[in-house]
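Let's take a walk through this structure together, going from a helix to the sheets and then to the side chains. Have your viewer open and follow along.

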Amino acid sequence: MRIILNRVVLLVIILHFLTSCEQTKQEEAKLKLWYTKPAKVWDEALPIGNGRIAAMVFGDPAKERIQLNEETFWSGGPSENNNPEALKVLPEVRKLIFDGKTKEAEDLINKHLRAGQLHGSMFQSVGDLRLIFPENHSDYSEYYRELDIQNALFSCTYKVEDVKYKREIFASIPDQLIVIKLTSDKKGMINFSTGFESPLQVYSKAVDSNTLEIECLSGTHEGVEGQVKAFAQAKILNTGGSTSIDSNKIKVNNANQVVILLSMATNFVDYQTLTADAKEKCLQYLSNAESKSWSDFRKDHISAYQNYFKRVNFDLGSSPASEFPTDERIKNFAQTYDPELITLYYQFGRYLLISSSQPGGQPANLQGVWNGQTHPAWDSKYTININTEMNYWPAEKCNLQEMHEPLITMVKELAETGKETAKTMYGCNGWVAHHNTDIWRINGVVDGAFWGMWPMGGAWLSQHLWEKFLYSGDKEYLESVFPVLLSACEFYRDFLIEEPENKWLVVSPSISPENAPQGHGTSVTYGTTMDNQILFDLFSKTITAARLLNKEQNLIAELQNILDRLPPMQIGQYGQLQEWIKDWDNPEDKHRHVSHLYGLYPSNQISPYRTPALFDAARTSLIQRGDVSTGWSMGWKVNLWARLLDGNHAMKLITDQLTLVDPGRPGYNGGTYPNLFDAHPPFQIDGNFGCTSGITEMLMQSHDGAIHILPALPDIWTNEGEISGLRTPGGFEVSFTWKNGEIEELQIISTLGGNCRIRVPNSLELKNGEKPAEAKSENANPFFATPLIKKPLISKPETIKEINLKKEYSYDIPTEKGKKYILVTNKKQ
């Protein structure tokens, strides 16, 4: 009997193990982009990166292309673009604007405020590593290519005649190398030649029969000579067979296995300094790793990557659609509901942020850290009137707080270079940045008045400094960034001017980013809604920071006085939230920017609970603007519809976003490329990050005095789902499951302690059976304080519609630091 029982127990253990293994395989399969053909163009290739170096891998059996980037390889060199003529014409520009002569003001700005020749440097491709295989590799079968974002691994397999070949490639965070492994299932069958290519190369050569190297010099652009030197070296480590030099390439003959270690570095030290030895840095990475095996590289890489990636798990269920290649799934998404594609797309955004923005490095630019050109669209730099900020919307709430650090560092650096801009161009204290910057931290007016006369980029970026504090509660960190916040306020204290009609303090000259009122012929104006909203946030948060850090009271009073004189939001004749200080909105305007809705998202000034009229007006504006637009714009709209508590409309935007864009047939409307990159078009990475953020907002919001669970759940997701590892202000980590639109289990980990207020769709109780206290009055937790804004001015009150909110339950849970709290459905109600 005992033997039988032991065998039964052993069988149960084995079955449990096999089930667990199968579940693990299924989970890993959900997180793969896969294809049955190689990439023909760049927007079909698959991205790998470790923040500093990156590659796009094509997976061609016969002619492999591994396109290379290094985060500091930019055109030009240390530079600034301040126009010293600005100060003398500023009073005249302002007078023209207030007199309604905005086109004349624009002309004056273009002559005297706009940067002269320099409008920003270009992020450039280092070049390619090419692998050329025998001609018979063009006649392949059983082809398969994948990007496993659970492990950050590229691989492809195929068969030539009766031999199976495999390539595996990753960009290692701990070893700072791109590591490539080539294998076959028969010995002595690996034959190829390899070499570097680049349009910016100084030279490319084979140093010996196992070593390739290339040196590049960045391009000259807008009169600034290229000064960034890049150096790359590839070590070819063959098992079996032989290697030889063939001109500037290396030939590998009859190898059993080949591992290639690829290192890159530049002479970049910081935005002011290019004195590093690029070759020495490059070779040091190789030297540090010379004793490691392939398996060690792979194991250490996966461990470092998963330290970030595995913090959040997201599951909406499965569907038969997942059995098809990724490009086909995108193509069919509008007709075939594919929940696994949504979760893949969500996690792909997190993968991209981990891979393009690592502590100590540069922030993700307009294309993250992936660019295959020497002259990319919009220079692939930092557009700071929405795009750079959108890159980092997922960082804190999606549990990738370390990835936020490069942006925080850039803001600190811009605060230094921006002091000269403020002084030279405007005669002001503090610091300012306009709508674009680059690796050299330029701050002047780029691209002309219509797009660039927007002195608000620094103020918007400063919100990220405060957001990071809200999530961490780290006062030492807050102390370190407070001077940047205060300096930004000091600029506007000096720059703001009283407008003649209402005596409000306004930003002038300025624009509502990249949009113009109908019939005006120019975007140049004053006191735009977005400017006022951003300044409300900047001054409010700086005042709060000053109080937390016990700064002088007279400082707080001065900032509060300015805050009190900013214009209120206004609701115009069509029931819309006005974009401009006058009621100039056109309900047929379908512009991609929805700048005046900043107050709804990413800010929290507009709320269904606190400001219902503004909430309705924001919804009216968004309806008028329409859905289909550029890729990044649709990503923003997912967040906006989530904040409007309309999950079905947010889901409609996700469907629009997941519309396949053929890279060979570019059009205007955005969507998604076959490799899941966002299509503006062309590729802009902000749309990926924006959509990941928006999906999070559909499932959890924490901006309106509570942690709101399932605030915008679309009908198609209601059946069941789960997400774990999300973060909120106040140091809470939140995980939950739902079924039939109701929370089944909610777990909260408190890292700081304090009151945890939750807002949920159904009645809950603590797992021990206790009923949590119903929430009353204001949330006592200061991290969830809500803003007190001015009462809006309403043109026609009859246009405002009533807000109908769903029934919700709000609870307060007193928490202690380091403890977990579990709530479950209250089945008694």
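Predicted model: local features only at pLDDT ≥ 70, side-chain atom pairs only at ≥ 80, totals over all residues.

Start with helix H3, residues 102–112, where Thr102, Ala105, Glu106, Leu108 and Ile109 are buried. Look down the axis of H3 and those buried residues fall within an arc of 165°, so they line one face of the helix.

Now to the sheets. One of them is an open sheet of nine strands, running E1-E6-E7-E8-E9-E16-E13-E12-E11 with antiparallel pairing. Its edges are strand E1 (32–35) and strand E11 (201–208), each of which pairs on one side only. Ignoring direction, neighbouring strands here are turned by 15° against each other on average. At the E11 end, E11 and strand E12 (residues 211–217) pair in the antiparallel sense over six bridges.

Another open sheet has six strands, in the order E17-E27-E28-E29-E35-E31, and its pairing is antiparallel. Strand E17 (313–315) and strand E31 (764–766) each have a single partner strand, so one side of each is left without a neighbour in the sheet. The twist averages 20° from one strand to the next. Within this sheet, strand E28 (residues 732–739) and strand E29 (residues 742–750) are joined in the antiparallel sense by eight bridges; phenylalanine 736 has leucine 746 in E29 as its bridge partner. Helix H7 (residues 339–356) lies across E17 and strand E27 (720–728), at about 160° to E17.

On to the aromatic side chains. How many aromatic pairs are there? The count comes to 33. Take phenylalanine 133 and phenylalanine 192: their ring centres are 5.3 Å apart and their planes are at 35°, so the pair is tilted. This pair links distant parts of the chain, with phenylalanine 133 in the loop between strands E5 (127–132) and E6 (141–148), and phenylalanine 192 in strand E10 (residues 190–197), 59 residues apart. Both phenylalanine 133 and phenylalanine 192 are buried. Then there are tyrosine 140 and tyrosine 143, with ring centres 5.6 Å apart and planes at 50°, so this pair is tilted too. Tyrosine 140 is partly exposed at 31% relative accessibility, whereas tyrosine 143 is buried at 8%. Elsewhere, ring pairs link Trp42, Tyr305, Phe309, Phe348, Tyr351, Trp370, Phe677 and Phe683 into a cluster.

Charged groups meet rings as well. Arginine 350 lies over the face of phenylalanine 309, 5.4 Å from the ring centre, and the charged end of arginine 145 sits over the ring of tyrosine 35, 4.5 Å from its centre.

One last stop is glutamate 697, in helix H18 (residues 686–699). Is glutamate 697 buried or exposed? Its relative accessibility is 4%, so glutamate 697 counts as buried. Leaving out residues up to four places away in sequence, glutamate 697 touches Lys397, Tyr601, Asn639, Ala642, Arg643 and Pro711.

How values were computed
Residues numbered from 1 in each chain as written. Heavy atoms only, no water. Phe/Tyr/Trp six-rings, centres within 6.5 Å; stacked < 30°, edge-to-face > 60°. Helix = DSSP H or I, 4+ residues; strand = E, 2+ residues; numbered from the N terminus. Buried < 20%, exposed > 50% of the residue type's maximum accessible area, 1.4 Å probe, protein only. Lys NZ or Arg CZ within 6 Å of the ring centre and 35° of its normal. Contact = heavy atoms within 4.5 Å. Arc of directions from axis to C-beta. Pairing = 2+ DSSP bridges. Axes fitted to C-alpha atoms, helices over the stretch in contact; angles between N-to-C directions.
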